[in-house]
Amino acid sequence: QLVESGGGLVQPGGSLRLSCVASEVTLSFWNIGWFRQAPGKEREGISCISSRDSTTYYEESVKGRFTISRDNAKNTVYLQMDHLQPEDTAKYYCAGEGSWVEPDWGPERCREADFGLWGQGTQVTVAS
């Protein structure tokens with residue numbers, strides 16, 4: 001029901017824009033999170049956006065480089081990733097939480113356990 005796209009191979013310093021498109025659900029009523037999992041590491045929440053007010057959260061390592069946004073008319077959430085570095089290499093997932101309650105975003109709220117609807121992921125590889 002969630003499908004990610006936009007991953008690929010990019011050189012350090014480059015950019016990618018990931019898309020998360022929903023089918024069968026209306027994303028405007030869902031909090032959406034972007035998560036990533038690098039080989040040998042746990043999946044981590046890197047950015048979240050709320051349904052009601054589109055407030056956002058960024059994990060410290062991506063703050064100032066990544067931008068999350070939503071286009072409700074297209075039923076899509078984006079993650080613009082700039083100034084990519086090799087440590088950003090991971091499989092990226094979008095996930096949804098059906099909620100109209102404005103969250104108090106932070107690392108304890110933009111977390112895997114709170115999101116029940118997941119996509120299959122898209123691979124991002126940053127290498128020269």
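The model is predicted, so local features need pLDDT of at least 70 and side-chain atom pairs count only at pLDDT 80 or more, whereas totals for chains, interfaces and linings use all residues. Residues are numbered from 1 along each chain as its sequence is written, and side-chain values use heavy atoms, with hydrogens and water left out. The protein has eleven strands and zero helices; helices (H or I, at least four residues) and strands (E, at least two) are DSSP runs numbered from the N terminus.

**Overall form**

- Along the principal axes, the C-alpha atoms fill a box of roughly 40 × 25 × 25 Å.
- Of the 128 residues, 48% are buried; buried means under 20% relative accessible area, exposed over 50%, and partly exposed in between (1.4 Å probe, protein chains only).
- Among contacts (heavy atoms within 4.5 Å) with a separation of 6 or more, 63% join residues 24 or more positions apart.

**Nonpolar cores**

- In soluble globular proteins, nonpolar side chains tend to be buried together.
- A nonpolar core is a set of buried Ala, Val, Leu, Ile, Met, Phe, Trp, Tyr and Cys residues joined through side-chain atoms within 4.5 Å.
- The largest such core has 27 residues, and those with the most contacts inside it are Leu27, Trp34, Phe66, Val77, Leu79, Met81 and Tyr92.
- Strands E3 (16-22), E4 (30-37), E5 (44-49), E7, E8 (76-81), E9 (90-98) and E11 (122-126) each supply at least two residues of this core, and its largest share, four residues, comes from E3.
- Another core, of seven residues, lies apart from it and includes Cys48, Ala95, Cys110 and Phe115.
- Leaving aside neighbours within four places in sequence, the contacts of phenylalanine 66 include Arg36, Ile46, Tyr58, Leu79, Met81 and Tyr92.

**Strand E5 and its partners**

- Five of the six residues of E5 are buried, so this strand is largely enclosed by the rest of the structure.
- E4 and E5 run antiparallel and are joined by five bridges; two strands pair if DSSP finds at least two bridges between them.
- Phenylalanine 35 has glycine 45 in E5 as its bridge partner.
- The hairpin of E4 and E5 has six residues between the strands, and glycine 40 in its turn has a positive phi of about 80°.
- Three bridges connect E5 with E6 in an antiparallel arrangement, and cysteine 48 stands opposite tyrosine 57 in E6.
- In the hairpin of E5 and E6, serine 54 takes a positive phi near 55°.

- Arginine 65 lies in the loop between E6 (56-58) and E7 (66-71) and is buried, with a relative accessible area of 16%.
- The arginine 65 side chain makes a polar contact with the side chain of aspartate 88 (2.7 Å); a polar contact is a pair of N or O atoms within 3.5 Å, where within protein one must be able to donate a hydrogen and the other to accept it, and residues adjacent in sequence count only if both atoms are side-chain atoms.
- Glutamate 44 lies in E5 and is partly exposed, with a relative accessible area of 31%.
- The side chain of glutamate 44 makes a polar contact with that of arginine 36 (2.8 Å).
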